[in-house]
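Below is a short briefing on one structure, grouped by topic.

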Amino acid sequence: MIKTLVSPCSVVVGFGSQKLKLDRSCKKVKPGAVRMELTISQPDDWHLHLRDGDLLQAVVPHSASHFRRAIVMPNLKPPVTSTAAAITYRESIMKALPIESSFDPLMTLYLTDKTHTDEIKLARESGVVYAVKLYPAGATTNSQDGVTDLFGKCLPVLEEMVKQNMPLLVHGEVTDPSIDVFDREKIFIETVLQPLIQRLPQLKVVMEHITTMDAVNFVESCKEVTPQHLLLNRNALFQGGLQPHNYCLPVLKREIHREAIVKAVTSGSKKFFLGTDSAPHERRRKESSCGCAGIYSAPVALSLYAKVFDEAGALDKLEAFTSFNGPDFYGLPRNSSKITLKKAPWKVPEVLSFSFGEIIPMFAGETLQWQPSFE
């Protein structure tokens, strides 16, 4: 039920636990001069790359300023393949956080052909490892140590994950060079994911950063959705020349796929939740003869998700997507803290400068309409 409360100078529309406030000055205002605010439970980011070293120090404050928790990806050099390594990595993240930050990094293990079932038990007992990440070997950044034999060498580990109720996070692309890069997600669903779910129906699976209509139609598992795949199609890679800062993996797809993802995400389905896949690289590593895959979206992610839901006329469904569906899937409590999104134009910086170099954020130099802030 939607309740509307009216006072002489404001309108507050409640959507469940949300508050959509339209503040009007009692003075005469120009047509359209309406301030909008949307207060929601603080979101979590269920797919985040924080890197390490100088990059970690630079980017972690951006995520910590908006998100309460985040699933942190393990594809470092060397990868985070053990619980001990995950604990050490978490300590590094905690040291990099701003003073008095309440941000909670939820750690993951990098699945390899050599992962042992005992490691899954240790991970569950640790209280800091929440999932295991599947990278097909060679699929994306730092995936060279990934899986080559999922149904052979990794099957005992997957069975142990079922026992321990440990989710499997999937980078859903095949790596066969004979498969067209734009078809790799579709073929992965057909040849890997569907057989996996049929063989281990109790395994909790997250198909991360979905990019196609085929993935939308595959509803057996929960799916995490990035801002870039909601807002950009593959034209964004080539408009005005080659655009390296729009290059990510899985690669952007046709407009029909982007539209299908937007429709699914804004439908209110509990099968979808927020995961930015924010993946920072130094500018010189993106603008090179062999540019790295990854879009740095952390500073603008909430503004972009609000843009998508606003344009779809579905702001009443934004909170569930950003703040409820993810923790419900992971069996974690929903956040009690709140964050307010104000509809007030602001310009994304052209570049973020640090002592080690520069990072170009998603939508650099463009004006966005929604801006997050704490109450």
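Phe363 sits in the loop between β15 (357-359) and β16 (367-373); helices (H or I, at least four residues) and strands (E, at least two) are DSSP runs, numbered from the N terminus. This is a predicted model, in which local features need pLDDT of at least 70 and side-chain atom pairs pLDDT 80 or more, while totals for chains, interfaces and linings use all residues. Residues are numbered from 1 along each chain as its sequence is written, and side-chain values use heavy atoms, without hydrogens and water.

- Phe363 is not a glycine, yet its phi is positive, about 60°.
- Phe363 is buried, with a relative accessible area of 14% (buried means under 20% relative accessible area, exposed over 50%, partly exposed in between; 1.4 Å probe, protein chains only).
- Arg51, in the loop between β5 (45-48) and α1 (53-64), has a positive phi near 55°.
- Arg51 is also buried, at 10% relative accessibility.

**Cis peptide bonds**
- Lys77 and Pro78 are joined by a cis peptide bond with omega of about -5°; Pro78 lies in the loop between β6 (69-72) and α2.
- Leu249 and Pro250 are likewise joined by a cis peptide bond, with omega of about -5°; Pro250 is in the loop between α7 (227-231) and α8 (255-265).

**Cysteines**
- The structure holds zero disulfides (a disulfide is a pair of cysteine sulfur atoms within 2.5 Å).
- Cys290 is in no disulfide, and the nearest cysteine sulfur, that of Cys292, is 7.4 Å away.
- Cys290 is exposed, with a relative accessible area of 65%, whereas Cys292 is buried at 14%.
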